[in-house]
Amino acid sequence: MATKVNNIRLTQTKQSLIDSFLRLVSLKDFEKITIVDITKGAKVNRATFYAHFNDKYELLDYIMGDSASAAIVKHTEGEIKFDQEGITQLVLSVFDFYQQPNIQCRSSYIAMVVPQLKEKIINELKVHLSNALGDIYPDHGKSFYVPIMAQMIHEGVYQWVTGNNTINQQEIAERISSLVLRGLQS
């Protein structure tokens, strides 16, 4: 019983640190956010912060990785099939990932965050695509095709998110999934 209570407390404390950081991100430049700022907002001491994270960069990395995984699980329920609908849901999860309010930040450090966002979501895509391919391809085939498919999905969504597009997300997701499926079938 004590372990369960302790785990809940650790989870709540970690979430308090994350929430504090996310509040600060909208108010201050990343470089100016200190551990003291984060711990003050979370109402914990510095030692507690360091029990969870080495520094604010690790905290940011954790937030982005968690967000990437959560976006995919939300759309796929943690499992995708390698078919039109499964890949479409995977594409829609990438749209959600880039449009989450907790990913948005001040423009002063957007150049630092965008490459990390890309890395996190592509890594999550690789995991899910590899699982979706299951026994369809041998491991050496998956190791070649999965990174290409993950890049295709990411780039298609990223182009839409950063451009002026009149096509809705669902239609783009279906087009991207068709490209991925046709590319693998040929």
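Close-up 1. The model shown here is predicted. E174 sits in helix 8, which spans residues 169-185. Which residues does E174 touch, leaving aside those up to four places away in sequence? They are Q84 and T88. Along the chain, E174 and T88 are 86 residues apart. In space, their C-alpha atoms are 5.4 Å apart.

**Close-up 2. The packing of helix 4 and helix 5.** Two packed helices are described by the angle between their axes and by the distance between those axes. Helix 4 covers residues 56-76, and helix 5 covers residues 84-99. Their axes lie 8 Å apart and meet at an angle of about 140°. That angle makes helix 4 oblique to helix 5, because angles count as roughly antiparallel only when over 145 degrees. The crossing of helix 4 and helix 5 is right-handed. Helix 4 brings M64, S67, A68, A71, I72, K74, H75 and T76 to the contact. Helix 5 brings Q89, L90, L92, S93, D96 and F97. How many residues of each class make the contact of helix 4 with helix 5? Seven are nonpolar, five are polar and two are charged.

**Close-up 3. F53, a buried loop residue.** F53 lies in the loop between helix 3 (46-52) and helix 4. Is F53 buried or exposed? With 1% relative accessibility, F53 counts as buried, because the cut-off for buried is under 20%. F53 and L17 are 36 residues apart along the chain, and 9.6 Å separates their C-alpha atoms.

**Close-up 4. The buried side of helix 2.** Helix 2 runs over residues 35-42. Its buried residues are I35, I38, T39 and A42. Why do they count as being on the same side of helix 2? They cover an arc of only 90° around the axis, so they fall on the same side of helix 2. An α-helix has 3.6 residues a turn, so residues three or four places apart point the same way. After helix 2 comes K43. The phi of K43 is positive, near 60°.

Definitions and conventions: Residues numbered from 1 in each chain as written. Predicted model: local features only at pLDDT ≥ 70, side-chain atom pairs only at ≥ 80, totals over all residues. Heavy atoms only, no water. Axes fitted to C-alpha atoms, helices over the stretch in contact; angles between N-to-C directions. Helix = DSSP H or I, 4+ residues; strand = E, 2+ residues; numbered from the N terminus. Parallel < 35°, antiparallel > 145°, perpendicular 65-115°, else oblique. Left-handed = near helix turned anticlockwise from the far one by under 90°. Contact = heavy atoms within 4.5 Å. Nonpolar A, V, L, I, M, F, W, Y, C, P; charged D, E, K, R; others polar. Buried < 20%, exposed > 50% of the residue type's maximum accessible area, 1.4 Å probe, protein only. Arc of directions from axis to C-beta.
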